[in-house]
Amino acid sequence: MTYTIGEVEELSGIKQNILRYWETVIPGFAPRKDLGGRRVYTERDFEIVLRLKYLIYERKFTIEGARSEILHETQAYEDNAEAMNTIRELRTELTQLYFQIKGLNHKGN
């Protein structure tokens with residue numbers, strides 16, 4: 001599953017301008033762009049957004065500290081890829097259900 005920048009903002013609570021800034025300072029976090037130039041976030045990109053949000057807003061890391069932590073975690077992720085893929089698949093299913101329920105609620109109103 002992929003997400004638009006607006007969907008990532010809605011799901012994460014992180015404003016689009018912050019997401020674009022993070023792209024410039026976090027290695028490996030660069031959502032690809034579609035033919036129209038719009039950002040397309042993958043599940044992995046979305047995971048990085050959620051992790052950055054936690055590190056910066058909850059743990060009070062600086063952006064530099066969060067960047068270092070993300071780089072360290074990327075190595076650990078590669079070492080545990082199978083378990084992470086299972087988690088990613090479950091998150092995708094839950095996100096799809098969220099948007100389905102949200103769509104039903106809008107149609108029912």
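This is a predicted model: local features need pLDDT of at least 70, side-chain atom pairs count only at pLDDT 80 or more; totals for chains, interfaces and linings use all residues.
Before you click anything, one term: a residue is called buried under 20% relative accessible area, exposed over 50%, and partly exposed in between.

**Stop 1: the whole chain**

Show everything as a cartoon. Turn the view around: along its principal axes, the C-alpha trace spans about 45 × 30 × 30 Å. Of the chain's 109 residues, 28% count as buried. As for how the chain meets itself, take the contacts between residues at least 6 apart in sequence: 59% of them join residues at least 24 apart.

**Stop 2: Lys 102 and Glu 10**

Now select Lys 102 and Glu 10 and show their side chains. The two meet in a salt bridge, at 2.3 Å from N to O. Which parts of the chain does this pair tie together? Lys 102 lies in helix 5 and Glu 10 in helix 1, so the bridge connects parts that are 92 residues apart in sequence. Glu 10, at 37% relative accessibility, counts as partly exposed. As background, side chains of opposite charge can pair when their charged atoms come close. The total for this model is seven salt bridges.

**Stop 3: the nonpolar core**

Hide those and go inside. Select Leu 19, Trp 22, Ile 26 and Leu 52: within the largest nonpolar core, which has 19 residues, these are the ones with the most contacts. Which helices supply at least two residues each? Helix 1 (5–12), helix 2 (16–25), helix 3 and helix 4 (63–79) each do. Helix 3 gives the most, with six residues.

Stay on Leu 19 for a moment and show what surrounds it. Leaving aside neighbours within four places in sequence, Leu 19 is in contact with Ile 5, Val 8, Glu 9, Ile 14, Phe 29, Tyr 41 and Val 49.

**Stop 4: helix 3 from end to end**

Select residues 43–58. This is helix 3, with 16 residues, and it reaches 22 Å from its first C-alpha to its last, close to the 22 Å expected at 1.5 Å a residue. Which of its residues are buried? Colour Glu 43, Asp 45, Phe 46, Glu 47, Ile 48, Val 49, Leu 52, Leu 55 and Ile 56, and you have them. A tip for looking down the axis: an α-helix has 3.6 residues a turn, so residues three or four places apart point the same way.

Step off the end of the helix to Lys 60, found in the loop between helix 3 and helix 4. Lys 60 has a positive phi of about 65 degrees although it is not a glycine. Is Lys 60 buried or exposed? Its relative accessible area is 63%, so Lys 60 is exposed.

**Stop 5: a charged network**

Select Arg 44, Glu 47, Arg 88 and Arg 91 together; they are linked in a network of salt bridges. Zoom in on Arg 88 and Glu 47, whose closest N and O atoms are 3.4 Å apart. This pair links distant parts of the chain, with Arg 88 in helix 5 and Glu 47 in helix 3, 41 residues apart. Both Arg 88 and Glu 47 are buried.

Arg 91 sits in helix 5 (residues 81–108) and is partly exposed, with a relative accessible area of 25%. Beyond its neighbours within four places in sequence, Arg 91 is in contact with Glu 43, Phe 46, Glu 47 and Leu 50. For a sense of scale, draw a distance from the C-alpha of Arg 91 to that of Gly 28: the two are separated by 21 Å, and by 63 residues along the chain.

**Stop 6: two places on the outside**

Select Leu 94, Leu 97 and Ile 101. They form a nonpolar patch on the surface, with about 300 Å² of accessible area together. Ile 101 has its place in helix 5.

Finish with Asp 34 and Arg 38, whose side chains meet in a salt bridge at 3.3 Å, N to O. Asp 34 counts as partly exposed at 27% relative accessibility, while Arg 38, at 54%, counts as exposed.

Terms used
Residues are numbered from 1 along each chain as its sequence is written. Side-chain values use heavy atoms; hydrogens and water are left out. Helices (H or I, at least four residues) and strands (E, at least two) are DSSP runs, numbered from the N terminus. The expected span of a helix is 1.5 Å times one less than its number of residues. Buried means under 20% relative accessible area, exposed over 50%, partly exposed in between (1.4 Å probe, protein chains only). Contact means heavy atoms within 4.5 Å. A nonpolar core is a set of buried Ala, Val, Leu, Ile, Met, Phe, Trp, Tyr and Cys residues joined through side-chain atoms within 4.5 Å. Patches are made of residues with over 30% relative accessible area and no salt bridge: like charges are joined within 9 Å, nonpolar side chains (Val, Leu, Ile, Met, Phe, Trp, Tyr) within 5 Å. Accessible areas come from the Shrake-Rupley method with a 1.4 Å probe; for residues, only the protein chains shown count as cover. A salt bridge is a side-chain nitrogen of Lys or Arg within 4 Å of a carboxyl oxygen of Asp or Glu.
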